[in-house]
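Colleague: Could you talk me through this one while I have it open?

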Amino acid sequence: MPLGFDIDENLCTECLRCLGACSLTKLGRVQPPLARIAVKRQWPEIPEIQVCRFDDCPGRPCIESCPVEAITRDPQGLVLIDRDVCTGCRACVEACPYGAIWMEASGSNYAYKCDFCGGSPACVRECVTGALVQKGGS
Amino acid sequence: MGLSSMRDLLIRVDLCNKTASPWSVPEQLKGYLGGMGYGTKILVDEVPPRTDPLAPENKLILTVGPLTGTMAPMQPQSCIVTKSPLTETILNSYAGGFLGAEIRFAGLDGLILEGAAPEWTLLLIEDDRVSFHSAEAVLGRSTAETEAYLKKTFGPDVRTLSIGRAGEKKVAMASVFSETRTFGRGGAGAVLGSKRVKAIAVRGSGGVEVARPEEFALLVRENMELLKAACAEEYNLVGMFSRVGTGAGMGLVNGRGALATRNHIFGSFEGFGRIDGYAYADKFYTRAIACYGCPVHCGMLHKFTRADGSSSWLRGPEYETMYSLGSDLLNGDPVLLAEANQICEEYGMDTLTTGVSVAWALEMGESGKLEEPGLDLRFGDRAAILGLLRKIGEREGIGDLLARGPKRAAEAVGGELERFMQIKNSGFAAWMPRRMKGTGLAFATSNRGACHKRAPIGAEITGQIDMDAYEGKAALVKEIQDRVNAIFTLVSCRFHEFVTPPEAYPRFVSAATGREISLKEFLAVGERIWNLERLFNIGAGMGRADDRLPERCYQPIRGELSEGAVMDRQKFEGMLDEYYRLRGWDQGGIPTQEKLEELGIPEYARLGVR
């Protein structure tokens with residue numbers, strides 16, 4: 001089964017539990033702006049959920065865009081950024097059609113994105129309406 | 001000290017001198033947990049009860065609690081405590097949305113606004129830094145326009161609160177808006193207006209951690225499962241809210257003959273089915289909107305076409321507004337109701353006291369005691385309803401009279417206060433004491449006027465207990481008042497407790513803050529706060545004579561579903577006697593020294609000395 005998310009933004013209530021869970025998992029604290037997923041408010045119209053689509057992303061331009069080959073797709077379908085290789089050039093941030101890659105603000109200057117929590121994303125477990133549903137993975 | 005969700009830091013903002021300074025929470029305040037507890041203790045300690053609410057000496061305290069910003073569900077709210085210009089009592093008022101979490105991300109437990117700014121001001125809070133900006137560009141603008149300006153000026157990620165024209169003009173029932181959520185009751189908007197603070201924007205750069213993460217995560221998981229199960233149940237109130245919003249229950253209330261209609265003369269409204277939550281969901285495009293971290297998402301955003309053909313959005317109306325701008329005005333038109341709600345949003349006014357004031361004015365109009373050029377003051381009249389609302393917001397014509405609050409408006413019309421559905425000058429929430437005796441006692445004894453937040457509404461309306469009985473209600477009301485005060489220290493959404501057992505709260509607090517607290521101690525915090533509020537109100541000149549219902553409550557309800565239902569005067573006074581006894585107060589409603597000793601606040605007895 002292809003890896004990614006079934007996303008129905010019509011069902012998103014903008015509660016931000018996905019962001020909270022993501023930041024808690026990745027950073028050990030609740031800090032929504034630093035989550036690997038974003039809910040772009042377009043009030044009163046439906047919001048845009050910004051997160052990596054993995055196998056549903058046509059062409060996966062982030063991989064192509066990286067001049068140092070820091071971004072790879074593993075056999076499971078996970079698209080990951082290798083921090084040791086990333087130079088912080090922002091090319092992938094510009095290339096991502098979903099606005100789902102961000103730069104770390106503080107000093108280090110690496111790009112970061114969703115890593116699907118290795119196969120079982122924490123964000124999906126918090127979504128009570130089914131706006132964000134896991135596809136594939138463990 | 002170990003890790004805690006509380007940051008033990010508030011910012012004191014001196015508006016007169018445009019300075020701000022950090023204020024570390026003193027040890028004895030920590031026992032009040034946060035939220036309403038912090039606000040109440042600070043106000044009672046720092047503002048004398050006789051203070052003019054609109055004078056610079058009044059303070060406005062905005063707080064969050066131990067669960068704010070965490071993953072605990074249904075904890076989005078923040079709390080304002082101030083002295084109310086409407087009721088002249090201590091006021092606590094709440095709004096959901098995202099402001100509370102942002103205050104926590106800023107590393108703060110709250111703000112204390114002191115004094116009054118020399119000119120109209122916007123406050124920008126970035127973590128512990130406060131900057132003062134001119135409000136000139138948004139003066140006279142609506143709450144939505146003001147908040148849009150804040151986002152444009154300070155960045156799209158700021159969270160906000162603001163007042164509209166009603167707050168600027170110190171309308172007694174002016175509210176404070178936070179996006180589409182409202183600190184509705186008690187006129188906090190007028191207090192901000194008196195301080196010339198048009199709006200506040202907050203941006204926090206930090207995160208939230210808790211003392212015991214694993215234990216906390218487990219509590220969150222358990223609580224989420226409870227809430228999800230409740231949301232999946234057909235007849236669970238929270239489940240109904242999650243599907244169509246708080247207006248889901250209108251049919252139930254109407255069926256019990258307890259839907260206040262035509263200024264509380266009738267107990268049922270034939271038009272309810274056109275304006276309840278299901279009607280809005282059927283008739284209009286509807287999208288469920290949640291507050292921060294909430295799985296219930298009771299906010300319903302509707303797209304509708306206004307009478308003039310233009311297309312518009314409204315999050316709401318909420319249940320209480322369906323009564324105050326609907327049934328109570330004999331308004332069964334969902335578009336008119338939505339437009340009326342929008343006027344209250346635009347001007348920044350409490351839909352409850354404002355709606356109740358309109359109901360009174362319409363009744364006065366129909367009985368020939370009040371008139372206004374250009375308006376036909378009749379129930380259900382579109383032009384009269386919308387016209388009166390705008391006039392209140394503008395303080396124009398009889399709107400200026402109504403903007404002064406019920407007592408002053410009634411005085412001007414020759415003492416018609418008994419037909420004004422108010423307690424301590426605050427308009428009735430959507431419930432009828434004649435039909436729900438415990439709720440009647442809760443309204444009468446509330447520290448902030450006719451308030452539904454600490455009343456046995458659910459138990460009475462669903463028939464879990466006999467709604468018409470007097471027996472046992474005094475004990476029930478005391479218990480609910482203390483318990484809800486305790487959960488408002490967190491600051492929990494009122495609906496959270498519909499599903500969550502009381503024992504969960506001290507467990508949450510302990511895991512979040514590392515501060516061990518038992519259920520008994522937790523509930524005692526609620527009772528302590530209740531008594532502090534009471535002492536403040538007594539110091540402000542109140543007593544038993546203010547714990548009363550308007551005369552209409554002693555006259556039979558009309559309408560076939562509850563024809564003749566009435567509050568018995570002697571039995572009401574009996575409930576009040578019993579309530580004071582259970583509270584450990586004397587028969588004048590003043591806390592005894594013994595009670596204050598028991599609660600650990602004997603030094604506050606001085607407030608209650610006349």
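Colleague: What stands opposite V13(B) in strand 6 of chain B?

Modeller: V13(B) stands opposite L113(B) there, and strand 1 (residues 9-14) and strand 6 (residues 110-114) of chain B pair in the parallel sense over 5 bridges, where pairing needs at least two DSSP bridges between two strands. Strands are DSSP runs of E with at least two residues, helices are runs of H or I with at least four, and both are numbered from the N terminus. This is a predicted model, in which local features need pLDDT of at least 70 and side-chain atom pairs count only at pLDDT 80 or more, while totals for chains, interfaces and linings use all residues. Residues are numbered from 1 along each chain as its sequence is written, with chains lettered from A and ligands numbered from 1 in the order in which they are written.

Colleague: What is the strand order in that open sheet of 6 strands?

Modeller: The order is 2-1-6-3-4-5 in chain B, with mixed pairing. Strand 2 (19-24) and strand 5 (90-95) of chain B each have a single partner strand, so one side of each has no neighbour in the sheet.

Colleague: Switching topic, which residues of helix 14 of chain B meet helix 15 of chain B?

Modeller: T354(B), S357(B), V358(B), A361(B) and L362(B) do, and among their partners in helix 15 of chain B are A384(B) and I392(B); contact means that C-beta atoms, placed from the backbone, lie within 7 Å.

Colleague: And how many residues of chain B are in contact with chain A?

Modeller: 21 residues of chain B are in contact with 17 residues of chain A, and strand 13 (residues 285-289) of chain B gives the most to chain B's side, with 3 residues.

Technical notes: Two residues are in contact if their C-beta atoms, placed from the backbone, lie within 7 Å.
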